[in-house]
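Thanks for making time this morning. I would like to walk you through one protein chain, going from its overall build to a single residue.

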Amino acid sequence: AGGVSRWDPATWAFGHVPVAPAGGEGLSNGYVTSFAEDQAGRLWVGTMGGGINVFDRSTGEIRHYRRDASRPGGLADDRVMSLLCDRSGDVWAGTMGGGLSRFQPSRGSFRTYREDPSRPGSLSSNGVISLFEDDAGTVWVGTYRGGLDRYNRGTDSFTSYRNVPSDPGSLSGDIVTAIAEGPGGTVLWVGTEGAGLNRLDKSS
């Protein structure tokens, strides 16, 4: 709940960005969950309850993105769990219960993907814990109780990898907390809550 701290390696000292006072400038919420840097060098900071803060380090300006149910194109949920700036310039925000929001700078607004059991290819869960872009530019989504989703850009849809108790080759657990890639880009490592580590062979 202490906001953002920035470490200066030259002095070994920390500088702090505090939570904004009422009507003032600063961080929208002290519970910081995630960071990402976009192609313009701006720092995106996700918070638990305060949406997203974007720091323009060249001007010192801070911009806030919050959920606003009365306005379309806004952030899906102010409880941001994960952030990713991909190579195309889009910013992805995984939320606790609102699904996955995708900010496209050319549009200046968010598009949100949500779970829809009636629609094949939808997001598998509205709780998104982790995000990762691999060497091929594929975005992977770690969800809460929905397993691992792979975003397909051509069809704007998701392929889901979930735990199947009868299949030892399936994902070991459906709460995916961490994603990483092995050398060469052929293997994806998937960490879960309570179900160990998975090694996904992307070729098969």
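What you see is a predicted model, in which local features need pLDDT of at least 70 and side-chain atom pairs count only at pLDDT 80 or more, while totals for chains, interfaces and linings use all residues. Residues are numbered from 1 along each chain as its sequence is written, and side-chain values use heavy atoms, with hydrogens and water left out.

The protein chain has 17 strands and zero helices, where strands are DSSP runs of E with at least two residues and helices are runs of H or I with at least four, numbered from the N terminus. Its radius of gyration is 18 Å, close to the 17 Å from the globule rule for 204 residues, so the chain is as compact as a globular protein of that length; the radius is taken over C-alpha atoms, and the rule is 2.2 Å times the number of residues to the power 0.38. Of those 204 residues, 45% count as buried, meaning under 20% relative accessible area with a 1.4 Å probe, protein chains only.

Now to V45, which lies in strand β4, residues 43-47. Is V45 buried or exposed, where exposed means over 50% relative accessible area? V45 counts as buried, because its relative accessibility is 0%. Leaving aside residues up to four places away in sequence, V45 touches several others, among them V4, L27, F35, I52 and L83, a contact being heavy atoms within 4.5 Å. The C-alpha atoms of V45 and T33, 12 residues apart along the chain, are separated by 7.6 Å.
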